[in-house]
Amino acid sequence: MISVVELLTSGMYTTIQDKGRYGFAKYGVPKSGAMDFRSFFLANSILNNDKNSAVLEWTMIPPVLLFHEDTTISITGAVCDPFLNDVGCKMNNQLLVRKGDVLTLKNCTKGTYGFVGIKFGFQSRIVLGSRSLYHMITPLSFLQKGDKISYQKCCTVSTSNASVQVLDFWNKSEELQVYEGPEFELLSATQKEVLLSERFTISNDRNRMAISLIEPLTNDFSSMLSSPVLPGTVQLTPSGQLIVLMRDCQTTGGYPRVLQLTKDCINAIAQKRIGESIRFKIKTW
């Protein structure tokens with residue numbers, strides 16, 4: 001039986017996400033997908049879902065959700081206090097939901113992106129092999145108050161003895177491991193030293209496309225031809241600002257690609273908050 005979850009409030013930039021779109025970069029289609037794959041996969045693993053099952057992703061301010069039929073859900077990512085019908089419950093755990101239950105997530109204290117997984121995944125429209133929302137690719141860019149997302153009603157499962165202990169991996173260290181980018185060797189010795197020794201601060205200019213860093217790096221590059229870029233590519237702009245590309249980034253760019261974050265560190269920087277600091281460290285093979 002197919003039912004729906006209704007957004008009583010929209011939260012901030014709440015979207016449906018899976019692993020994203022692959023094989024369409026040659027057409028200029030971004031990959032998209034969950035900003036923090038680690039928390040995304042955990043949400044599905046807790047429910048024993050297929051690893052690519054679609055989840056709800058919210059940004060800093062979570063939505064309030066009304067479930068129209070029984071199901072089982074999980075809550076991962078940004079640390080908050082979940083409540084079902086005003087009764088406190090746990091993150092990183094299977095949660096039984098009954099018809100008419102309302103999920104409220106309060107006091108988001110750590111992290112930026114939170115996830116709500118559901119048994120069998122959210123059953124939204126598939127576009128180019130993915131349910132991930134993206135402007136101009138899918139009918140919606142993000143979810144709004146009153147929107148309803150389909151899911152498959154399921155029999156409840158016992159959760160009385162099930163729990164998962166999860167560390168806030170993004171808070172363990174400022175240090176982010178990176179590989180040298182294609183244009184790294186064109187940097188001067190001084191530029192390299194600054195890039196790999198100084199702290200950089202997450203600015204308020206951040207979204208699913210990119211995260212800008214506040215401190216500039218001297219840029220002596222002339223213009224270059226557009227070249228392929230990926231989530232995790234660190235670009236150096238003409239003004240000297242460093243930009244870390246994220247899941248919704250373009251497929252090509254005309255700025256020098258000085259570094260490339262590892263997969264784990266893309267997840268980590270996604271969860272960093274405005275004003276937090278990072279440092280880059282070259283990963284050795």
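**A tour of salt bridges and the strands beside them**

Begin by selecting Glu57, Arg208 and Asp248, which are linked in a network of salt bridges (a salt bridge being a side-chain nitrogen of Lys or Arg within 4 Å of a carboxyl oxygen of Asp or Glu). The model on screen is predicted, so that local features need pLDDT of at least 70 and side-chain atom pairs count only at pLDDT 80 or more, while totals for chains, interfaces and linings use all residues. Residues are numbered from 1 along each chain as its sequence is written, and side-chain values use heavy atoms, with hydrogens and water left out.

Asp248 counts as buried at 3% relative accessibility, and Arg208 counts as buried at 4%, where buried means under 20% relative accessible area, exposed over 50% and partly exposed in between (1.4 Å probe, protein chains only).

Next, select β12, where Ala210 and Ser212 point one way and Ile211 and Leu213 the other way, all of them buried. β11 and β12 form a hairpin with three residues between them, and these two antiparallel strands are joined by two bridges (strands pair if DSSP finds at least two bridges between them). To follow this pairing, pick Ile202, whose bridge partner in β12 is Leu213. β12 also runs antiparallel to β15, to which three bridges join it, and here Ile211 has Val244 in β15 as its bridge partner.

Then move to Glu174 and Arg199, whose side chains meet in a salt bridge at 2.8 Å, N to O. Glu174 lies in the loop between β9 (148-152) and β10 (175-180) and Arg199 in the loop between α2 (189-197) and β11 (200-206), so the pair ties together parts that are 25 residues apart in sequence. Glu174 is partly exposed, with a relative accessible area of 29%, and Arg199 is likewise partly exposed, at 46%.

Finally, select Lys192 and Glu185, which form a salt bridge whose closest N and O atoms are 2.9 Å apart. Glu185 is exposed, with a relative accessible area of 52%. For anyone who wishes to continue the search, the structure holds seven salt bridges.

Definitions and conventions: Helices (H or I, at least four residues) and strands (E, at least two) are DSSP runs, numbered from the N terminus.
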